[in-house]
Amino acid sequence: MGANLLVPEGAAGMSEAIYTLYMVLSIACLVVLFITALVTIIIILFQKSNSDGIQGITASSETFFGKNRGKSIESQLKKWTWVCLGVLAFLSLALYIVNLLVP
């Protein structure tokens, strides 16, 4: 009787070990999802805007090395943004599907 107190009413068909594993994996997935979301926000804030805005009027003169350095950093930030967004999408879908399958 005491073991049944740990498993909620909706998960009556599950054993205690499976329910504990489900809860641990769900919480771990949510923590990774939260951290990935924060990293994605930070990476997006570090990126430059695509529009020139007022700088297009002044015609700033950049050197070749300055342009390449900026492009490589920007391309790395864009790549990591897409990686983080892919991880976010995968974890969100996985957590949704698992929650659908578990009664």
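Here is a short chat about a few residues in this predicted model.

Student: Where does Thr36 sit?
Tutor: Thr36 is part of helix H1, which covers residues 16-46.

Student: Is that spot buried or exposed?
Tutor: Thr36 is buried: its relative accessible area is 10%, and the cut-off for buried is under 20%.

Student: What does the side chain of Thr36 reach?
Tutor: The backbone oxygen of Val32, at 2.7 Å.

Student: And which residues is Thr36 in contact with, leaving aside neighbours within four places in sequence?
Tutor: Cys84, Val87 and Leu88.

Student: Which other residues in H1 are buried?
Tutor: Besides Thr36, the buried ones are Tyr19, Tyr22, Ser26, Cys29, Leu33, Thr40 and Ile43.

Student: Why would spacing along a helix matter for a list like that?
Tutor: An α-helix has 3.6 residues a turn, so residues three or four places apart point the same way.

Student: OK, how far does H1 reach?
Tutor: From first C-alpha to last, H1 spans 45 Å with its 31 residues, close to the 45 Å expected at 1.5 Å a residue.

Student: What about Lys78, where is that?
Tutor: Lys78 lies in helix H3, residues 64-101. With a relative accessible area of 40%, Lys78 counts as partly exposed.

Student: How far apart are Lys78 and Ile43?
Tutor: In sequence they are 35 residues apart; in space, Lys78 and Ile43 are 8.3 Å apart, C-alpha to C-alpha.

Notes: Residues numbered from 1 in each chain as written. Predicted model: local features only at pLDDT ≥ 70, side-chain atom pairs only at ≥ 80, totals over all residues. Heavy atoms only, no water. Helix = DSSP H or I, 4+ residues; strand = E, 2+ residues; numbered from the N terminus. Buried < 20%, exposed > 50% of the residue type's maximum accessible area, 1.4 Å probe, protein only. Polar contact = N/O pair within 3.5 Å; in protein donor to acceptor, adjacent residues only side chain to side chain. Contact = heavy atoms within 4.5 Å. Expected span 1.5 Å × (residues − 1).
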